[in-house]
Amino acid sequence: MKRRSFLGRTAVISASVLGMPSLHSINREEKAPALPNNLRLVFQGDSITDSGRDRGNYYANATSGMGRGYVYQIVSNLLGKHPESTLHCFNRGISGNKVFQLADRWDIDCLGLQPDVLSILIGVNDYWHMLNGQYEGTVKVYQDDFRRLLARTRTALPNVKLVIGEPFAVAGGTAINEKWNEFDGYREVAHQLAEEFDAAWVPYHTIFNDALVHAPASYWCPDGVHPSMAGAYLMKEAWLQAFETFF
């Protein structure tokens, strides 16, 4: 009877998890699509992408070089599901970066790596550092800087497949207050540029907001900016869904 009761509870829990509407929208099929051989992927951004990576271990697929966040989860998923493909994955996120700082290191940390797929998540520091007085930025500066960076990338790598992530600020996080209301403009700019440059769009902010129905910000993204392991999982699932539209 105890075993039967346990199995019954397990079935109920499994059904309830699979029935979560906002999370179910990013569930993926088990069978992974075939990928081209020798595909090169570069992840760019700030601390969310960096996630404590060992910057001295900058080689492709290096475990410590992937950090502890969503990039690590994405790369481990891709390598595990595609052993037949020779994938080359690089994490080049640097904590604290804003768009102009990506531009300063773009030749080495992006163009020189010759990515076939380039993923960019940037924008939170362009706003956050303005709030704390460390940067004189505006949404127009963000838009102009980001557009120039993407145009430069398209010129140098006309066939690159772009993935642009939505900058996010999760309500209820310890760093998020009423001053973040104007951050919506940065999210809108990123979305507009994704359309302008024919990039796959990953709606991270929306996904985190939907996830708050099931658990508070302290579970998904404690400070509202840096995701937990659970939050990184949501990002990974959403990113892979966007990535698979290419193949």
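## N-terminal cap

Ser228 caps the N-terminal end of α12, with a side-chain oxygen 3.3 Å from the backbone nitrogen of Ala230. Helices here are DSSP runs of H or I with at least four residues, numbered from the N terminus.

The model is predicted: local features need pLDDT of at least 70, side-chain atom pairs count only at pLDDT 80 or more, and totals for chains, interfaces and linings use all residues. Residues are numbered from 1 along each chain as its sequence is written, and side-chain values use heavy atoms, with hydrogens and water left out.

## Helix α12

The 15 residues of α12 reach 21 Å from first C-alpha to last, close to the 21 Å expected at 1.5 Å a residue (1.5 Å times one less than the number of residues). Of these 15 residues, 12 are buried (under 20% relative accessible area, 1.4 Å probe, protein chains only). Among them are Lys236, Glu237 and Phe243.

## Packing against α4

Helix α4 (residues 70-81) packs on α12 at about 50 degrees, with the axes 8 Å apart. Axes are lines fitted to C-alpha atoms over the stretch in contact, and angles run from 0 to 180 degrees between N-to-C directions.

## Trp239

Trp239 lies in α12 (residues 229-243) and counts as buried because its relative accessibility is 1%. Beyond four places in sequence, its contacts (heavy atoms within 4.5 Å) include Leu41, Phe43, Ser119 and Val202. Val202 is 37 residues from Trp239 in sequence and 6.1 Å away, C-alpha to C-alpha.

Technical notes:
Helix = DSSP H or I, 4+ residues; strand = E, 2+ residues; numbered from the N terminus. Buried < 20%, exposed > 50% of the residue type's maximum accessible area, 1.4 Å probe, protein only. Polar contact = N/O pair within 3.5 Å; in protein donor to acceptor, adjacent residues only side chain to side chain.
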